[in-house]
Amino acid sequence: MADKNFNGNDEREEIFSKALRAGRRTYFFDVRETKAGDYYLTVTESKKSSNEDGSFYFKKHKIYLYKEDFEGFQENLKECTDFIIENKGEEVISERHQSDFNDNSEDTSSHDDADKFTDISFEDI
């Protein structure tokens, strides 16, 4: 049931999968099985990036969600997405999506922090 990847770590097969393509990003929702036979969910963001030489690679970030956390996760996700829509609407405002976007702020620290993401690897259950 489990495949070994090139690092020798167990990589569980997907029981059920869905993908959401969103521009340069793809989100993968994969149901996997623990060694004990229970199911859990992994959500992976895969973003196409390029090296200085022009070659491409994919940055991947993954979270693991277990059944005992589903309800709280869903509630918090809905509350946060509702807050964004209520306060900013559904229109996308960014320089990548609108050619007339004008950013007057001088604080770029939020953009710098986004590049400091650390990949965390969890052991299989």
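This is a predicted model: local features need pLDDT of at least 70, side-chain atom pairs count only at pLDDT 80 or more; totals for chains, interfaces and linings use all residues.

A: Strand S5 is mostly covered, with nine of its 12 residues buried.

S5 belongs to an open sheet of four strands, arranged in the order S3-S4-S5-S6 with antiparallel pairing. Strand S3 (14-22) and S6 stand at the edges and have a single partner strand each, so one side of each is left without a neighbour in the sheet. On average, neighbouring strands of this sheet are turned by 20 degrees against each other, direction ignored. Strands of a sheet pair through backbone hydrogen bonds, either parallel or antiparallel.

One partner of S5 is strand S4 (residues 25-33); nine bridges join S4 to S5, and the two run antiparallel. Two places along this pairing can be picked out. Arginine 25 stands opposite lysine 47 in S5, and tyrosine 27 stands opposite glutamate 45 in S5. S4 and S5 form a hairpin with five residues between them. In the turn of that hairpin, glycine 37 has a positive phi of about 95 degrees.

The other pairing to follow is with S6. Strand S5 (residues 39-50) pairs with strand S6 (residues 56-66) in the antiparallel sense, over 11 bridges. Threonine 44 has lysine 62 as its bridge partner in S6. Lysine 47, which stands opposite arginine 25, also stands opposite lysine 59 in S6. S5 and S6 likewise form a hairpin, with five residues between them, and glycine 54 in the turn has a positive phi of about 95 degrees.

Serine 49 has its place in strand S5. Serine 49 counts as buried because its relative accessible area is 10%, and buried means under 20%. Leaving out residues up to four places away in sequence, serine 49 touches Ser55, Phe56, Tyr57 and Lys59. Phenylalanine 56 also takes part in another arrangement: the charged end of lysine 48 sits over the ring of phenylalanine 56, 4.3 Å from its centre. In a regular strand the side chains alternate between the two faces of the sheet.

Aromatic rings come next. Ring pairs link Tyr40, Tyr64 and Tyr66 into a cluster. The count of aromatic pairs comes to two. A pair of aromatic rings is described by the distance of the centres and the angle of the planes.

Helix H1 (residues 67-88) lies across S5 and S6, and runs at about 105 degrees to S6. H1 has 22 residues and reaches 32 Å from its first C-alpha to its last, close to the 32 Å expected at 1.5 Å a residue. After H1 comes glycine 89, whose phi is positive, near 75 degrees.

Finally, here is a detail from elsewhere in the sheet. Phenylalanine 16 lies in strand S3. Apart from neighbours within four places in sequence, phenylalanine 16 is in contact with Phe29, Asp30 and Val31. Phenylalanine 16 and phenylalanine 29 are 13 residues apart in sequence, and their C-alpha atoms are 8.2 Å apart in space.

To return to S5: this strand is joined to S4 by nine bridges and pairs with S6 over 11 bridges, while H1 lies across S5 and S6.

Note on methods
Residues are numbered from 1 along each chain as its sequence is written. Side-chain values use heavy atoms; hydrogens and water are left out. Rings of Phe, Tyr and Trp (its six-membered ring) pair if their centres lie within 6.5 Å; planes under 30 degrees apart count as stacked, over 60 as edge-to-face and the rest as tilted. A charge sits over a ring if NZ of Lys or CZ of Arg is within 6 Å of the ring centre and within 35 degrees of the ring normal. Two strands pair if DSSP finds at least two bridges between them. Axes are lines fitted to C-alpha atoms, for helices over the stretch in contact, and angles run from 0 to 180 degrees between N-to-C directions. Contact means heavy atoms within 4.5 Å. Buried means under 20% relative accessible area, exposed over 50%, partly exposed in between (1.4 Å probe, protein chains only). The expected span of a helix is 1.5 Å times one less than its number of residues.
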